[in-house]
Amino acid sequence: MSPAQELTALALREAGDAVAARRTSSLELTEAALARIEKVDPGLGAFLTVSAERARAEARAADARAARGERRSPLDGVPVAVKDLFSTRGLSTTAGSRILEGYRPPYDADAVERLAAAGAVLLGKLNMDEFAMGSSNENSGYKPCRNPWDPSRTPGGSSGGSAAAVAARLAHGTLGTDTGGSIREPAAFCGVVGVKPTYGRVSRYGVVAFASSLDQVGPLARTVGDAALLLRTVAGHDPRDMTSSSRPVDDYLATLEGGAKGLRIGVPREWLAGGLEPGTEAAVRAALDTYQQLGANLIEVSLPHSRYGIAAYYIIAPAEASSNLARYDGVRFGIRSPARGLREMYGDTRDRGFGPEVKRRIMVGTYALSSGYYDAYYLRAQKVRTLVRRDLDQAFECCDVVAGPVAPGVAFRLGEKVEDPLQMYLADVFTITANLAALPALSVPCGKDAATGLPVGLQLVGRPFDESTLLRAARAFEREVGIFPAPPEVE
Amino acid sequence: MALADFQVVIGLEVHAELLTRSKIFCSCSTAFGGEPNAHTCPVCLALPGSLPVLNQRVVEMAVTVGVALGCTIREKSVFARKNYFYPDLPKGYQISQYELPICEGGAVPFTAAGQDKVARLTRIHMEEDAGKNVHGVSEDGASGVDLNRAGVPLIEIVSEPDLRSADEAVEYVRSLRAILMALGVCDGNMQEGSLRADANVSVMRKGAEKYGTRCEIKNMNSFRFLKAAIEYEARRQVEVIEGGGQVEQETRLFDPDRGETRSMRSKEEAHDYRYFPEPDLPPVRVAPELVERLRAALPELPRARSLRYQKDLGLSAYDAGVLVSDAQVAGFFDRALAAYGSGPEAAKKVANWVNGEVARLANESATGPADWKLTPEKLAAVLKLMDAGSIGGPGAKQVVEEVFKTGADPAAVVQQKGLAQVSDEGAIEAVVDRVLAASPAEVERHRSGKKNLTGFFVGQVMKELRGKGNPAVVNALLRKKLGGS
């Protein structure tokens with residue numbers, strides 16, 4: 001391994017410790033990451049924008065702090081990157097959409113501010129499905145992103161770039177957002193750890209909205225501990241987001257090594273009742289066995305309403321999106337089609353700026369909210385949501401976490417499901433439960449599919465604001481089986 | 001006349017801009033005017049990722065109005081999105097309230113044609129104002145958008161269809177406006193759009209039980225236009241029915257230049273606003289303790305104040321009504337009266353000046369008591385100078401006008417402008433003698449019974465004294481010299 005490769009191979013906390021101990025510098029880490037992005041990313045497509053100069057400046061500032069013996073946080077000087085859904089002052093923010101081409105926000109998202117306050121170095125903005133709508137990153141308005149394990153396959157979505165960049169060692173950690181599985185599914189497909197926190201744990205301020213009542217910011221990293229550190233960094237109350245919680249943030253790292261002994265793990269009968277690819281089911285069952293060996297108790301639970309979750313989700317999310325995306329009208333930012341009249345300007349701008357999946361969801365959502373249909377669709381979907389949450393609340397009366405697959409199978413091939421939106425939507429079947437119920441959930445790599453050698457993720461869902469238990473459970477597994485390896489080097 | 005066979009039925013939706021310092025969902029200033037888009041931020045520009053944060057003062061003001069109007073205050077109310085596209089609506093939706101508004105029920109008292117009446121309220125809800133489109137901002141004729149007003153807090157006060165004439169509608173709005181101003185939640189400025197009314201108007205044959213099809217009339221920014229628009233619309237609807245047609249449910253716009261309403265959009269073209277609960281804002285919780293605190297802090301309302309003025313100060317219903325229609329003016333009156341004296345005579349005098357000369361000067365300058373250089377104490381001082389005989393009525397008017405403009409001390413103005421009244425009997429007597437000596441014919445005619453010539457002599461004397469003679473002294477001397485009257 002070259003010295004640069006050794007640097008990019010460092011995990012998040014290792015990199016931070018190396019800067020603090022002055023074994024390396026933030027600038028060296030940053031240069032190594034930028035060089036690797038330059039070399040690897042043209043074939044991968046994880047980044048939409050690389051902010052090299054800004055990163056170098058931040059790295060120099062971090063090095064100056066290290067020279068003075070200052071350390072803002074364990075992240076100080078470590079290169080990271082964020083999904084292109086996060087507003088970054090003066091830096092292109094497209095949400096993966098052509099309609100925001102050229103838009104440079106005048107402000108930073110709360111999570112971006114917190115990363116900066118912790119001293120992290122921002123490498124750039126990551127590829128994603130347009131407006132976070134998708135499960136394969138193929139809906140990016142700019143370019144597809146590929147899976148580092150197999151470039152013919154998708155990295156998952158919508159935070160495909162966030163997962164691929166971590167897996168391919170382009171960044172030591174990233175931020176994504178998860179509305180129906182958009183952190184967990186790509187994390188599973190790429191063999192990294194991804195956490196969707198409790199709704200309200202991380203501020204949504206500055207995060208381009210997809211479905212406001214479901215969107216949540218979360219970290220992706222190579223190890224559970226790194227994800228815990230990133231989450232602790234960005235979590236916390238923000239008065240600019242009225243849905244953000246004022247509950248104090250737990251010290252996830254302090255309880256991380258608590259093990260799985262005595263942990264009560266609920267296994268929903270409906271989640272392992274067929275429909276999974278054999279390799280995925282085998283890996284998930286093996287993971288559950290491992291927990292048992294670690295002293296955890298497996299308890300069968302039932303989530304009878306989770307089967308209606310996907311229908312409810314595909315009403316609620318498009319309904320909110322249809323309203324959230326109304327502001328892209330060509331008047332104030334992004335692209336504007338030259339037109340003589342107002343209607344023409346709206347129509348042309350939105351027709352040119354939005355991709356097919358976004359248009360599909362705007363139409364579905366507009367329909368679901370329209371007069372005469374609201375009760376039958378939106379209101380009923382909200383009732384399902386309540387029932388889904390009730391199922392989980394009941395499960396948590398007898399268990400501490402609920403475990404199951406993240407996705408029905410491993411990363412699929414690019415183009416495989418593009419023509420069949422319903423098939424694509426079913427990729428979210430296990431993940432949307434946590435979004436509808438506003439609960440924390442994560443994906444931790446639990447092995448490889450025997451047939452393809454591709455990573456499989458185990459999903460853990462926790463009680464509201466009990467990210468500590470989730471992370472501790474995931475870490476117990478990771479400690480037992482070892483940190484998931486990097487994909488083979490693709491030249 | 002067919003109109004007399006019909007009953008007009010009116011319900012009003014009044015939008016009142018609240019006097020908060022900052023907008024409803026961000027900390028931008030609500031100040032009127034300013035360079036276009038000077039009072040904006042990522043939130044009220046609806047930049048991607050921005051989120052609304054509710055200004056708690058808006059809730060308090062809405063509750064205050066609700067308590068004053070006898071509404072039921074919801075412990076839990078919900079904001080909703082009203083979705084429609086327009087360039088002055090940056091998010092593509094207005095944050096308003098729909099199914100669960102903050103106030104329900106209640107009523108507005110008003111007086112029309114000398115009768116005390118009440119119109120019931122359906123609801124009061126909170127919402128944000130839109131910006132405005134400005135046309136022809138550049139040489140190529142392009143339109144611009146000014147979002148300074150976007151996000152200014154509004155309450156919408158919706159009445160039941162309880163009003164039965166254009167005059168009742170006007171008096172309802174007048175009364176509501178006075179209440180909102182007394183509560184200090186709205187400046188009541190209809191010209192600047194701080195208070196706007198939309199009217200739902202229908203007509204039915206007298207004696208009918210079922211209301212006719214209604215039309216919503218928009219764009220009436222004065223009492224005069226409100227009255228004209230409703231009267232026009234009622235006539236129009238009666239003509240349609242009398243002509244054998246049917247009134248179509250639609251939204252109509254009042255054109256003040258032509259005094260007409262004209263169709264803006266039909267029922268078929270009506271927007272489907274696709275209301276749904278605003279996911280970015282948790283439900284608004286109003287604790288009973290807050291309601292009680294705001295109830296206890298309510299100021300005296302216009303109607304109570306008017307009754308008190310009539311009962312305790314002996315003012316006429318008219319004078320009292322004019323004073324209380326602007327709480328600041330009523331406050332000015334209170335202070336002027338306190339500085340001047342007590343009793344019905346003093347009150348009547350102060351009220352006459354406040355509603356007369358002072359109101360005239362205020363109208364001319366389009367100002368309110370807060371802007372006036374004439375303090376209540378200075379007005380009282382002018383009245384006292386009059387009582388002391390130092391100045392006469394016309395002089396007093398000149399002093400008030402000067403003080404109103406400059407804020408100078410009234411006594412100094414009297415001095416400076418030479419307005420002091422001549423009360424010295426010796427000086428006046430000399431003039432009276434001169435006038436009588438110069439007009440022997442008139443004196444003769446007066447003595448032979450032409451008593452209306454008294455005015456002629458007073459005029460001549462005053463002319464000699466350049467208007468500054470004390471009228472009481474002049475009259476008394478003339479009476480003495482001409483022999484009784």
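This report describes selected strands, helices, backbone features and the chain contact of a predicted model.

## Basis of the description

Residues are numbered from 1 along each chain as its sequence is written, while chains are lettered from A and ligands numbered from 1 in the order in which they are written. Because the model is predicted, local features need pLDDT of at least 70 and side-chain atom pairs count only at pLDDT 80 or more, whereas totals for chains, interfaces and linings use all residues.

## Contact between the chains

In the contact between the two chains, 25 residues of chain B touch 36 residues of chain A (contact: C-beta atoms, placed from the backbone, within 7 Å). The side of chain B that touches chain A divides into 17 nonpolar, three polar and five charged residues. In this classification Ala, Val, Leu, Ile, Met, Phe, Trp, Tyr, Cys and Pro count as nonpolar, Asp, Glu, Lys and Arg as charged, and the others, Gly among them, as polar.

## Strands of chain B

Strand 1 of chain B spans residues 6-17, and nine of its 12 residues are buried. Strands (E, at least two residues) and helices (H or I, at least four) are DSSP runs, numbered from the N terminus. A residue is buried if 20 or more other C-beta atoms lie within 10 Å of its own, exposed if 12 or fewer, and partly exposed in between, with C-beta atoms placed from the backbone. Strand 1 of chain B runs antiparallel to strand 12 (residues 195-205) of chain B, to which 11 bridges join it; here H15(B) stands opposite R196(B). Strand 1 of chain B is also joined by five bridges to strand 11 (residues 153-159) of chain B, again in antiparallel fashion, and A16(B) stands opposite I155(B) in strand 11 of chain B. Two strands pair if DSSP finds at least two bridges between them.

An open sheet of three strands in chain B has the order 5-4-16, with antiparallel pairing. Its edge strands are strand 5 (93-97) and strand 16 (276-277) of chain B, each of which pairs on one side only. Strand 4 (residues 79-83) of chain B is joined to strand 16 of chain B by two bridges, and the bridge partner of A80(B) in strand 16 of chain B is P277(B).

## Helix pairs

In chain A, the axes of helix 10 (residues 306-324) and helix 13 (residues 375-395) come within 8 Å and cross at roughly 135°. Helix 10 of chain A is therefore oblique to helix 13 of chain A. Axes are lines fitted to C-alpha atoms, for helices over the stretch in contact, and angles run from 0 to 180 degrees between N-to-C directions. Angles under 35 degrees count as roughly parallel, over 145 as roughly antiparallel, 65 to 115 as roughly perpendicular and the rest as oblique. The crossing of helix 10 of chain A with helix 13 of chain A is left-handed (the near helix is turned anticlockwise from the far one by less than a right angle; clockwise is right-handed). Residues of helix 10 of chain A in the contact include Y308(A), A312(A) and I316(A), and those of helix 13 of chain A include Y378(A), A381(A) and R385(A). The residues of this contact of helix 10 with helix 13 of chain A divide into 10 nonpolar, three polar and two charged.

In chain B, helix 12 (residues 425-438) and helix 15 (residues 471-482) pack at an angle of about 50°, with their axes 10 Å apart. Helix 12 of chain B is thus oblique to helix 15 of chain B, and the crossing is right-handed. The contact is made by E425(B), I428(B), E429(B), V432(B) and L436(B) of helix 12 of chain B with V473(B), V474(B), L477(B), L478(B) and K481(B) of helix 15 of chain B. By class, the contact of helix 12 with helix 15 of chain B has seven nonpolar, no polar and three charged residues.

## Helix 6 of chain A and backbone features

Eight of the eight residues of helix 6 (residues 160-167) of chain A are buried, so this helix is largely enclosed by the rest of the structure. The peptide bond from G157(A) to S158(A) is cis, with omega near 5°, and S158(A) lies in the loop between strand 3 (121-126) and helix 6 of chain A. Just after helix 6 of chain A, R169(A) takes a positive phi of about 60°.

R22(A), which is not a glycine, has a positive phi of about 60°. R22(A) is in the loop between helix 2 (12-20) and helix 3 (26-44) of chain A and counts as exposed because it has 11 C-beta neighbours inside 10 Å. A438(A) likewise has a positive phi, near 60°. A438(A) lies in the loop between helix 15 (432-436) and strand 10 (441-448) of chain A, and counts as partly exposed, with 18 C-beta neighbours inside 10 Å.
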